Amino acid sequence: MEHPRILIDPAVMGGKACIKGTRLPVEHILGYLAAGDTIDEVLQSYPFISRDDVLAAIAFAADFLRKDGSVAA
């Protein structure tokens, strides 16, 4: 699956997955959501991103875990 709103670039935040055009790592968005914040609260904290960016971060994480999240036994 492609993620056009997500950028992975070694020159930006050490290659962490970020919202394209920002230096905001996907992991920060997921951390807020995991802590119980709503999407609206995330958007208040980061007014330079959109609801679609938050949803893209969730989709990216789900896709990453689907493909790369297995740990060999």
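Predicted model: local features only at pLDDT ≥ 70, side-chain atom pairs only at ≥ 80, totals over all residues.
Asp63 is buried, with a relative accessible area of 6%, and its side chain meets that of Lys67 in a salt bridge (3.5 Å, N to O). Lys67, by contrast, is exposed at 51%.

**Helix packing**
- Helix α1 (residues 26-34) packs with helix α3 (residues 51-68) at an angle of about 95 degrees, and their axes are 9 Å apart.
- The two helices, α1 and α3, are therefore roughly perpendicular to each other.
- On the α1 side the contact is made by Val26, Ile29, Leu30 and Leu33, and on the α3 side by Val54, Ala57, Ile58, Phe60 and Ala61.
- By class, this contact has nine nonpolar residues, with no polar and no charged ones.

**Nonpolar core**
- The largest nonpolar core has 15 residues, and those with the most contacts inside it include Ile6, Ile29 and Val54.
- Two or more residues each come from α1, α2 (39-45) and α3, and α3 gives the most, with four.
- Leaving aside neighbours within four places in sequence, Ile29 is in contact with Ile19, Leu24, Val42, Ile49, Val54 and Ala57.

**Salt bridges**
- The whole structure has six salt bridges.
- Glu27 and Lys16 pair at 3.2 Å, N to O; Glu27 lies in α1 and Lys16 in the loop between β1 (6-7) and β2 (18-19), so the pair ties together parts 11 residues apart in sequence.
- Arg51 forms a salt bridge with Asp40, their closest N and O atoms being 2.4 Å apart, and this pair links helix α3 to helix α2.
- Asp63 and Lys67 both lie in α3, four residues apart, about one turn of the helix.
- Arg5, Asp52 and Asp53 are linked in a salt-bridge network.

How values were computed
Residues numbered from 1 in each chain as written. Heavy atoms only, no water. Axes fitted to C-alpha atoms, helices over the stretch in contact; angles between N-to-C directions. Parallel < 35°, antiparallel > 145°, perpendicular 65-115°, else oblique. Contact = heavy atoms within 4.5 Å. Nonpolar A, V, L, I, M, F, W, Y, C, P; charged D, E, K, R; others polar. Core = buried A, V, L, I, M, F, W, Y, C linked by side-chain atoms within 4.5 Å. Buried < 20%, exposed > 50% of the residue type's maximum accessible area, 1.4 Å probe, protein only. Salt bridge = Lys/Arg side-chain N within 4 Å of Asp/Glu carboxyl O.
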